[in-house]
Amino acid sequence: MFKITEINGKPNSYSKKSFLLTSPDDLNKLPKVGVKGTQNSPDDSVVDEPCAVGSEALLVYNGLTEVYILTPDNEWVKM
């Protein structure tokens, strides 16, 4: 499961986003520039909306913590 923890400091912005992930598989579900992500459930409101370069994803899984950033190549890359 994953959810948005911040959207550019504003609750209704669709640009730079920050995500909290609880599984490595969630990386494949995240949106990209011009590309919608995969919703976890119909209740997700903006988690599938495209996001901007510089968006971040924090993966916390089995005691592991990794940070990913959406690059200008439109790929989520481990920092």
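**Reading the salt bridges**

Mentor: Let us begin with Lys32, which counts as partly exposed at 23% relative accessibility. Please keep in mind throughout that this is a predicted model.

Trainee: What is the general idea behind such pairs, and with which residue does the side chain of Lys32 meet in a salt bridge?

Mentor: In general, side chains of opposite charge can pair when their charged atoms come close. In this structure the side chain of Lys32 meets that of Glu75 in a salt bridge, at 3.5 Å from N to O. This pair links distant parts of the chain, since Lys32 lies in the loop between β2 (17-21) and β3 (56-61) and Glu75 in the loop between β4 (64-70) and β5 (76-78), 43 residues apart. Glu75 is likewise partly exposed, with a relative accessibility of 40%.

Trainee: How many salt bridges does the count come to?

Mentor: The count comes to 3 salt bridges. Another one joins Glu66 and Lys78, whose side chains meet at 3.2 Å, N to O. Here too distant parts of the chain are linked, with Glu66 in strand β4 and Lys78 in strand β5, 12 residues apart.

Trainee: Is Glu66 buried or exposed?

Mentor: Glu66 counts as buried, because its relative accessibility is 12% and the cut-off for buried is under 20%.

Trainee: Which residue forms a salt bridge with Asp26?

Mentor: That partner is Lys29, and the closest N and O atoms of the two residues are 3.6 Å apart. Asp26 is buried, with a relative accessible area of 2%, whereas Lys29 is partly exposed at 29%.

Technical notes. Residues numbered from 1 in each chain as written. Predicted model: local features only at pLDDT ≥ 70, side-chain atom pairs only at ≥ 80, totals over all residues. Heavy atoms only, no water. Salt bridge = Lys/Arg side-chain N within 4 Å of Asp/Glu carboxyl O. Buried < 20%, exposed > 50% of the residue type's maximum accessible area, 1.4 Å probe, protein only. Helix = DSSP H or I, 4+ residues; strand = E, 2+ residues; numbered from the N terminus.
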